[in-house]
Amino acid sequence: MKQYFLCILAAFLILFGGCKQETSEIGLGLINEVGTDFTDTTSIMAYSFLEDTINTTNMSANVIGNIHDPVFGDHKGTAFAQFSMSGSSVNFGTNPVIDSVVLTLQISSYYGDTNSRVAFRVYQLTEPISGDKYYQNNSVSYDPTPLNYSLTQYSIQPNTHVIVDTNSYNPHLRIRLSQAFGQYLLNNSQHMTSNSSFQSFFKGICIDAISHSGSNGYMIISNLNSALTGINLYYHNDEQNAKRYRFSCSSSSCKRFNSFTHNYLSSSDANFTQEVLGGDREIGNSVLFVQAMGGVKTRITFPYLKEAFKSLNNRVVINKAELVITNVAPDETFWVQPTNLTLQGISEKDGKIMYLPDDEYYTGATYFGGNYDAAKHEYRFRITKYVQGLILQNSELSNSVNLVLRGSAVRANRLVFGGTGLSDDKRMRLELSYTTY
């Protein structure tokens, strides 16, 4: 046993304590530290382009609003949702008469300028939400006549409780709907003997945001599963005054999805339009972009990484590899940066999206990173295993990754970040610490 231990110890000393060979390959500038080499000058190529369609079905939240971003242009979020009854059947009593009907939308968060007002319109669906998956460019048919009581614009106070009949509720948006629509529901209780019967009769609503006042507009992030979200009927009948009934969206039988409309031509930023719309990849040397709502993503390529250590015949251990992304346009007023980003691996074989071996799916969020550091205005991703695989050339992944906004279907943020050719610490860079033997 002692002899076996000495053999193992000797092998370890040879592996990690031997003399290092100097490495100087394309894309690497090496700085020798104690026992470890370090570089942050690995060559990177990057460009931003339009995102493919994303699945928006039954997400944890829906993005609804209308916004103008001077860099990214005009954008709109529209929600489609089914509703269910509060119980197994409905009885509105004798001669029910509507007093008012209000659509309430819980506000989890918001994006943009809350000093603006947005013109929300509610429409009744004429086509059921019957598919298994809906994407950002999908829609279902609806009656073009708005259900709104009045065609007004709405302001929000996303951090203020709402008082209704002396009761205090968490922040939410209240859209009053027409008396005729409310009476229509009261008059059709024969279709409410079961939830499936109700959903066949009332297929749901579309919540659109057709315009905004002010310079910017806003988006609300609403949890349609919340107890605060619903169609609320206030009515009376021959038996009793002041009754209330609520149709909710929280049942598992209720489907919902988001559609997003992007008008990038309204951008006033030449770098954005030339790179994202015009395909000018040279712009990526100075500035890059990423956006939620299935908007914009960035392709990042490490073109020489596989060859950089080739002369060492795989005799290299990557101790730590971190990709650094720096926010170059921080704005805490309207265009608040994303809380976190993520990276998508790309299959070498067929180009399909894959998890990186460092992804939190395998390792955990603390290891992988991607969260915003407000003090440094940066995001860091630990991609040690991915880089090691590229160098050893035993990975299924290509030498390119996509940078996207995490939770793109349920957020509205965007980010402008430093390109690959900047001369200061705002440039995108790959920081490598490694040992050769």
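Colleague: So a salt bridge is a side-chain nitrogen of Lys or Arg within 4 Å of a carboxyl oxygen of Asp or Glu. How many salt bridges does the structure hold?

Modeller: There are 13 salt bridges. This is a predicted model, where local features need pLDDT of at least 70 and side-chain atom pairs count only at pLDDT 80 or more, while totals for chains, interfaces and linings use all residues. Residues are numbered from 1 along each chain as its sequence is written, and side-chain values use heavy atoms, with hydrogens and water left out.

Colleague: Which residue does Arg427 meet in a salt bridge?

Modeller: Asp40, at 3.4 Å from N to O. The two are 387 residues apart, with Asp40 in the loop between strands E2 (36–39) and E3 (45–50) and Arg427 in the loop between strands E25 (414–418) and E26. Helices (H or I, at least four residues) and strands (E, at least two) are DSSP runs, numbered from the N terminus.

Colleague: Is Arg427 buried or exposed?

Modeller: Arg427 is buried, at 16% relative accessible area. Buried means under 20%, exposed means over 50%, and partly exposed is in between, using a 1.4 Å probe and protein chains only. Asp40 is partly exposed at 22%.

Colleague: Which residues are linked in a network of salt bridges?

Modeller: Lys320, Glu322, Glu378, Arg380, Arg429 and Glu431. Within that network, the side chains of Glu322 and Arg380 meet at 2.7 Å, N to O. Glu322 sits in strand E19 and Arg380 in strand E23, 58 residues apart.

Colleague: What about Asp359, which has no salt bridge?

Modeller: Asp359 is buried, and the nearest side chain of opposite charge, Arg406, is 5.1 Å away. Lys and Arg count as positive and Asp and Glu as negative, while His and the chain ends are not counted. Asp359 is in the loop between strand E21 (353–354) and helix H6 (365–368). Leaving aside residues up to four places away in sequence, Asp359 touches Thr342, Leu343, Gly364 and Phe368, where contact means heavy atoms within 4.5 Å.

Colleague: Which residue does Arg406 meet in a salt bridge?

Modeller: Glu360, at 3.2 Å from N to O. Arg406 is in the loop between E24 and E25, and Glu360 in the loop between E21 and H6.

Colleague: New topic. How many aromatic pairs are there?

Modeller: A search of the whole structure gives 26. Rings of Phe, Tyr and Trp (its six-membered ring) pair if their centres lie within 6.5 Å; planes under 30 degrees apart count as stacked, over 60 as edge-to-face and the rest as tilted. Phe80 and Phe257 are stacked, because their ring centres are 4.7 Å apart and their planes are at 10 degrees. Phe80 lies in strand E5 (residues 73–81) and Phe257 in strand E16 (residues 256–263), so the pair ties together parts 177 residues apart in sequence.
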